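Could you walk me through how the chains of this assembly sit against each other?

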Amino acid sequence: MLILVVAPAGRVFAESGGADTSALDAAVEKLQTNINVVWTCVAAFLVFFMQAGFAMVEAGFTRAKNAVNILMKNLMDFSIGTIAFFLVGFGLMFGATNGLFGTTDFAIKNILGDGESWNYSFLIFQTVFAGTAATIVSGAMAGRTKFKGYLVYSVFICAFIYPIFGSWAWGSLLNGGGWLENLGFVDFAGSTVVHSIGGWLALAGAIVLGPRLGKYGPDKKSRAILGHNIPLAALGVFILWFGWFGFNPGSTTVGNGEIGRVAVTTNLAAAAGAIAAMLVSWIISKKPDASMSLNGALAGLVAITAPCYTVTPMGALAIGLIAGVIVVLSVLFIDNVLKVDDPVGAVSVHGVCGAWGTLACGLFNAEGVLGIGDNTGLFYGGGFKQLGVQLVGIAACFAWAFIIGLIMFTVIKKTIGLRASADEELKGLDIGEHGMEAYSGFQVFSTT
Amino acid sequence: MLILVVAPAGRVFAESGGADTSALDAAVEKLQTNINVVWTCVAAFLVFFMQAGFAMVEAGFTRAKNAVNILMKNLMDFSIGTIAFFLVGFGLMFGATNGLFGTTDFAIKNILGDGESWNYSFLIFQTVFAGTAATIVSGAMAGRTKFKGYLVYSVFICAFIYPIFGSWAWGSLLNGGGWLENLGFVDFAGSTVVHSIGGWLALAGAIVLGPRLGKYGPDKKSRAILGHNIPLAALGVFILWFGWFGFNPGSTTVGNGEIGRVAVTTNLAAAAGAIAAMLVSWIISKKPDASMSLNGALAGLVAITAPCYTVTPMGALAIGLIAGVIVVLSVLFIDNVLKVDDPVGAVSVHGVCGAWGTLACGLFNAEGVLGIGDNTGLFYGGGFKQLGVQLVGIAACFAWAFIIGLIMFTVIKKTIGLRASADEELKGLDIGEHGMEAYSGFQVFSTT
Amino acid sequence: MLILVVAPAGRVFAESGGADTSALDAAVEKLQTNINVVWTCVAAFLVFFMQAGFAMVEAGFTRAKNAVNILMKNLMDFSIGTIAFFLVGFGLMFGATNGLFGTTDFAIKNILGDGESWNYSFLIFQTVFAGTAATIVSGAMAGRTKFKGYLVYSVFICAFIYPIFGSWAWGSLLNGGGWLENLGFVDFAGSTVVHSIGGWLALAGAIVLGPRLGKYGPDKKSRAILGHNIPLAALGVFILWFGWFGFNPGSTTVGNGEIGRVAVTTNLAAAAGAIAAMLVSWIISKKPDASMSLNGALAGLVAITAPCYTVTPMGALAIGLIAGVIVVLSVLFIDNVLKVDDPVGAVSVHGVCGAWGTLACGLFNAEGVLGIGDNTGLFYGGGFKQLGVQLVGIAACFAWAFIIGLIMFTVIKKTIGLRASADEELKGLDIGEHGMEAYSGFQVFSTT
């Protein structure tokens, strides 16, 4: 992510120097800042809308009897996350650092020290990113998680877990910290910082929770528990794809031609991911699977998130295609080999493909950040050194999120409780936790 | 609302004065106008999309047998409203005034007198605002209103009721009228001008109509009539939240850093409203209620609409929290004490919380419109005088919309008819009014 | 469509000439280009989101047993189309021409020859346009088309059919070709180039396929096959309307006041189309039909797409009203007289109303492209010569798309197969083609 407290209009127009051009320079700087504000805020709103996408994907891919519950979790993790990030997280991520995390700028008493109005645009953009990381987890824990336990988790991820890692990878331009960024770690829009953090927390949560009742039979074999509303899930994927045009191109936070370039790489990777996942599912199960294809688009989007700024369109195609293959294999592996019950495939989409995308930065990047003049070759990377740095970042993310996740969810389990009762789970969390049904008036058969 | 017929680029760049800088000034003015156009139009499109949000919320929170009807009403009130506002309403609201309303600029023969292209951007932005006021009413009148009667209402609100009040509160910069604005009334983006107008008309409509059959038993006790599709309703709330980023920040109509600041206050109030409503419903009904939580987010959004430009983030949090409490209590009060049947809670969300947000301008505003340098305190208001002016505006809105509403709906009732026949209502308005079902092929049980 | 490889900021600010203002000119040029990029990319994202709208409309207006299939087709035609247009189509449409089509700029090795970053914004905008043309067809062929055959079609339209016609109508500014454009053919945002191309391909596909089983009884009379989810379809229409604010105003590709003007004409035509279709359906079938009203809004949008830049608001109203009448009559004619089974009315909405809108350019256009100072009259057109040119374009589009479509679908039919087996069709394509149901847990009755 480019982090620009004051947008770099001056640099963009470096040719207009000299003493008597200072009025021009000042005007250009202000106008470019205003362009940046409009762009960054619109991008932030698109990223906000991804909350609707996650809600529809997660509700659609799970059962009708838990739909209200998953929607409430999506609404509440963003609401709680907004306030937790405002009060605590933003300061930890971007405040003046103690070396490990920021220690100022909580509740933006004096945001980033200068009070310039750009800071609020930066805050809203960062808030919706934190909300994205938070909401990934709900899908993997769908169908058996206590609502109260989930609310507590939401506070922790947006107040502490996400922003502290974020300060390592994205904080250095502002506060001099950011040990990962100082190593040369590249994650432009957050394959690791946002998606893998969410994915590995989701893995920890799904493990601590255990599988849904009936998911693994006495023979330990995985049994499919079908989603109840594929049109909603498909709508969710389209909304997420739409929102990703804010997520990736928006991470430039500058209104200039790079927006189009990042939009092109983002779109190609999504398309390639959908196609690849469809083909792999077709080979494996003899039919083109809709759930896999939809997840393939998301896999391509997650994977291109880190390298979207530094690869050619052909590189984006390759990254998306590989992500589409990976996500299908990963879903099957986690379900059938690890026997971890992840109802919507969140760990595979966000954790695994986030790692793949981050690694791809080391494989497909041009040597210089913008060295994309020649796009005939796929592989013209930063060499093995860059690959190594990317692996360090991937490993740090896994260690941080998975270990903290295991601890946090275990503590929640032992104190206020993490898992709904078996009775609630069978009748559905909607009745048990919220006293209502998602589809009043329709006859819905429980499929478990 | 800031109303800028010609965007104030010149003022923004006041430092670049002097005779030989006139070319620079002109260039800056044009570029800033273009930035304003892009921003204002994008914001208008987001506000348009709120029509989808209202349609999904209202359809989801009501019964399946009336879903087609409510969707048609949402489609048609915007369509009719677009044309009525273009032909009549815009001129009444922003034309040269006779002291009470505008009398020029109908059908934009010569919009606002100068033909500058900015005017069309202003028109589309104002059109979608009028459409928002119009569509609020359908939810409160759901399940028993004749389609033809509703169409007639749609003409009146967008041609007369909304724009005349709007001219009082927002028209003065353009036409010298605007008695409320001249008093010092503050309603930045329309808590009162848009939402309360819609809410009080909804109240009048619900009263004139009477409750749905079976809503209040022989014992006069309220009986819950459950919404048929909570995922749709939740989607609608996410869409509305998304669209509100056009509604509030867009009301600056200027592309600069204030957009980010208004987006931050808007988002915090929505989040706080959702959380507060969830907690209050949890205390009252022992379970966190999804409908209340979703309405809580909307309540926070409605309440922050007036003060979004003039409060600190901490003030926005407080306004949203209080709105979340108010909306739950108001829904219960209107349903159980007033015995007015408002199927989706439109009166509470838009009328009551619109009034609260408008009042909050007097409580939480900085002394100067932009005096938000210090955000340590919540209350540093414009004093009791400002509070008084706000109360005048709130009362004027209620009197205008509620009384006109009672008259209009009564006249419709006595002439072309307002209420569907009991037979139509029982079988569902979809069959009765439109000859079709919303969910062909599904078995849907009527819950009344 | 205005095609601006380098955005014309210099022309916009022509007054700031002179030798010593070159720094100012350069700064203005760069800033205006950045504004254009932000606007064009945001518009492109809105157009992308129309994919969700098409998916919801097509799924909602058809039966539940085929919902997964239609969603997969929507996902896949855009995914395949993205890559086909990137690799082949863009070069055919905008590359250096051989007189009939472009022959350079494939896979943007050296996009448009200059590598300026604007080109990527132009590419993403053009990609989502190609995707729109592609996805129109799926609705007309819903319920009986083999998935594999549909995938092959997707490659052809985005790689060849759409871009070659596009080069005739929109390519000349870039490559000197564009025989239609050189004739004076006007189609600002694609009533013909995008919508009619899709509509006439849809007609060819529906003819080659034949009707769904049971659609026409032994008496040859048409039987209504009802859509299964009107709320989804209505959501889809709202999404399409929203996205059209990117489609039409975005086709300026310049961030200035024209955006607002085009948004106004677009919105008025949509509103008028919905109202007119409702009224016509009310007259014909005694009840205001929701499907017709929703299609009426789309008809207005398709019709205004060509003339949106060159008509007054009053002209837009007239064009939309007529489109709303045409679409109802066309749907009835195609269904009852031609006996072509078009489940969602795609041929009428996109083909027929696209032709109407293109013709309307000759009827309603001001003499000069921007001669809209006087808006008292509806008809002040470019005379019969312009009408003639418009008819040439309409006829060329029909001939090109319909004939190529007949050939292509027939070849697909004879080789890999175009129509699903009767057994698959009866049980639903979801089970037959994808091995899953859209609504697991719900009891859905097949209506055929």
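The questions and answers below look at the chain contacts in this predicted model.

Q: Which rotation superposes chain B on chain A, and what kind of axis does that give?
A: Happy to start there. Two copies of a chain are related by a rotation about an axis and a shift along it. Here chain B is superposed on chain A with an RMSD of 0.0 Å, by a rotation of 120° with 0.0 Å of shift along the axis. The relation is therefore that of a three-fold axis.

Q: Which element gives the largest share of the side of chain B that touches chain A?
A: On this side, 64 residues of chain B are in contact with 57 residues of chain A. The elements of chain B that give two or more residues are α2, α9, α10, α11 and α12. With 14 residues, the largest share comes from α10(B).

Q: How many residues of the side of chain B that touches chain A are nonpolar?
A: The side can be split by residue class. Six of its residues are charged and 19 are polar. The nonpolar residues number 39.

Q: Which element gives the most to the side of chain B that touches chain C?
A: This contact takes 57 residues from chain B and 64 residues from chain C. At least two residues each come from α2, α3, α4 and α16 of chain B. The element that gives the most, with 21 residues, is α2(B).

Q: How many charged residues does the side of chain B that touches chain C have?
A: Again, the classes tell the story. This side has 40 nonpolar and 14 polar residues. Its charged residues number three.

Q: How are α10(A) and α4(C) oriented to each other?
A: The axes of α10 (residues 258-285) of chain A and α4 (residues 118-140) of chain C come within 7 Å. They cross at roughly 45°, and the crossing is left-handed. The two helices are therefore oblique.

Q: How many residues of the contact of α10(A) with α4(C) are nonpolar?
A: From α10(A), the residues include I259(A), A263(A) and V264(A), and the α4(C) side includes Y120(C), L123(C) and I124(C). Four residues of this contact are polar and one is charged. The number of nonpolar residues is six.

Key: Residues numbered from 1 in each chain as written. Chains lettered and ligands numbered in written order. Predicted model: local features only at pLDDT ≥ 70, side-chain atom pairs only at ≥ 80, totals over all residues. Axes fitted to C-alpha atoms, helices over the stretch in contact; angles between N-to-C directions. Helix = DSSP H or I, 4+ residues; strand = E, 2+ residues; numbered from the N terminus. Parallel < 35°, antiparallel > 145°, perpendicular 65-115°, else oblique. Left-handed = near helix turned anticlockwise from the far one by under 90°. Contact = placed C-beta atoms within 7 Å. Nonpolar A, V, L, I, M, F, W, Y, C, P; charged D, E, K, R; others polar. Least-squares fit on C-alpha atoms with pLDDT ≥ 70 in both.
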